[in-house]
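Biologist: I would like to learn how to read a protein model. Could we go through it one feature at a time?

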Amino acid sequence: MDVKKLFLPFLVVTIVFLGCTKLDPKIDAPSYIEINDYNVAYTSTYNNGGPGTTHQKFTDVLVFANNQTLGFYPIPCKIPVLGEGPTNIMIKPVIKTNGVSSVRGDYPFMRFYTANPDLQRGQTTKLTPVFDYYSSIVFRWTEDFEGNGISIIGNSAYDTSFKRVSYEKYEGNYAL
């Protein structure tokens, strides 16, 4: 067996294996924000009395950390944040655009919820955002079926009538 013929392949294989090093990038663990639920504020300072209820069905949130978009997340969610320390978190409720479940958009009538938690790498910070309407929003019409009268007016030319009931209600004392 000729040693010279074996030396060249051995040399090539040795150079290839010695020249390769395993990439070992340092990847820091993210911090996490967890959102399991939200609340809607209801104050008496709204124009025309307010929205009538604090019950909303926001299914998603739009989240920012230090003015950088983290994206849209379904509620409940656990969101990774690359960074630690005091962080400016802004959360906005999201609705289905035109009722289409695959198209989402932030709800333009509500303010961002803001918080400044001290995030720690590998730790989860739980937030329960409280969303509130902008004070400039005007509620043109609100009907809660609770007063002595109902603002919906029937028309005798049609066969539809209104009857206030106390069963099968969502909230309050009555439903229509």
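Predicted model: local features only at pLDDT ≥ 70, side-chain atom pairs only at ≥ 80, totals over all residues.

Biologist: Which elements make up the chain, and in what order do they run?

Modeller: There are one helix and twelve strands. Starting at the N terminus, the order is α-β-β-β-β-β-β-β-β-β-β-β-β. Among contacts with a separation of 6 or more, 59% are between residues 24 or more positions apart.

Biologist: How do I read a strand such as S5, and where do its side chains point?

Modeller: In a regular strand, side chains alternate between the two faces of the sheet. In strand S5, residues 77-81, Cys77, Ile79 and Val81 point to one face and are buried.

Biologist: Which way do S1 and S5 run relative to each other, parallel or antiparallel?

Modeller: Strand S1, residues 31-35, runs antiparallel to S5, and five bridges join the two. Within this pairing, Ile33 stands opposite Ile79.

Biologist: Which residues touch the most other members of the largest nonpolar core?

Modeller: Nonpolar side chains tend to be buried together in soluble globular proteins. Here the largest nonpolar core has 25 residues, and Ile35, Val61, Val63, Ile91 and Phe131 touch the most other members. At least two residues of this core come from each of S1, S3 (60-65), S5, S7 (89-97) and S9 (113-115). Take Val63 as a case: leaving out residues up to four places away in sequence, its contacts include Ile35, Leu70, Ile79 and Ile91.

Biologist: Is Asp60 buried or exposed?

Modeller: Asp60, in strand S3, has a relative accessibility of 7% and therefore counts as buried, since the cut-off is under 20%. Asp60 and Pro93 are 33 residues apart along the chain, yet their C-alpha atoms are separated by 6.4 Å. Beyond its neighbours within four places in sequence, Asp60 is in contact with several residues, including Tyr73, Lys92, Pro93 and Arg104.

Biologist: Which residues form a nonpolar patch on the surface?

Modeller: Phe7, Leu8, Phe10, Leu11, Val12 and Ile15 form one, with about 620 Å² of accessible area together. Phe10 belongs to helix H1, residues 3-19. Phe10 counts as exposed because its relative accessibility is 56%.

Biologist: How many salt bridges does the structure hold?

Modeller: Side chains of opposite charge can pair when their charged atoms come close. This structure holds five salt bridges. One of them joins Arg121 to Asp28, with the closest N and O atoms 3.9 Å apart. Arg121 lies in the loop between S10 and S11 and Asp28 in the loop between H1 and S1, so the pair ties together parts 93 residues apart in sequence.

Biologist: Which residues are linked with Arg121 in a network of salt bridges?

Modeller: The network links Asp28, Glu84 and Arg121. The side chains of Glu84 and Arg121 meet at 3.4 Å, N to O. This pair also links distant parts of the chain, with Glu84 in the loop between S5 and S6. Arg121 is partly exposed, at 32% relative accessibility, and Glu84 is partly exposed at 48%.

Biologist: What is the case for Asp132 and Arg111?

Modeller: Asp132 forms a salt bridge with Arg111, with the closest N and O atoms 3.2 Å apart. Asp132 is buried, at 16% relative accessible area, whereas Arg111 is partly exposed at 32%.

Note on methods
Residues numbered from 1 in each chain as written. Heavy atoms only, no water. Buried < 20%, exposed > 50% of the residue type's maximum accessible area, 1.4 Å probe, protein only. Helix = DSSP H or I, 4+ residues; strand = E, 2+ residues; numbered from the N terminus. Pairing = 2+ DSSP bridges. Patch = residues over 30% accessible without salt bridge, like charges linked within 9 Å, V, L, I, M, F, W, Y side chains within 5 Å. Areas by Shrake-Rupley, 256 points an atom, 1.4 Å probe, with all protein chains shown as cover. Salt bridge = Lys/Arg side-chain N within 4 Å of Asp/Glu carboxyl O. Core = buried A, V, L, I, M, F, W, Y, C linked by side-chain atoms within 4.5 Å. Contact = heavy atoms within 4.5 Å.
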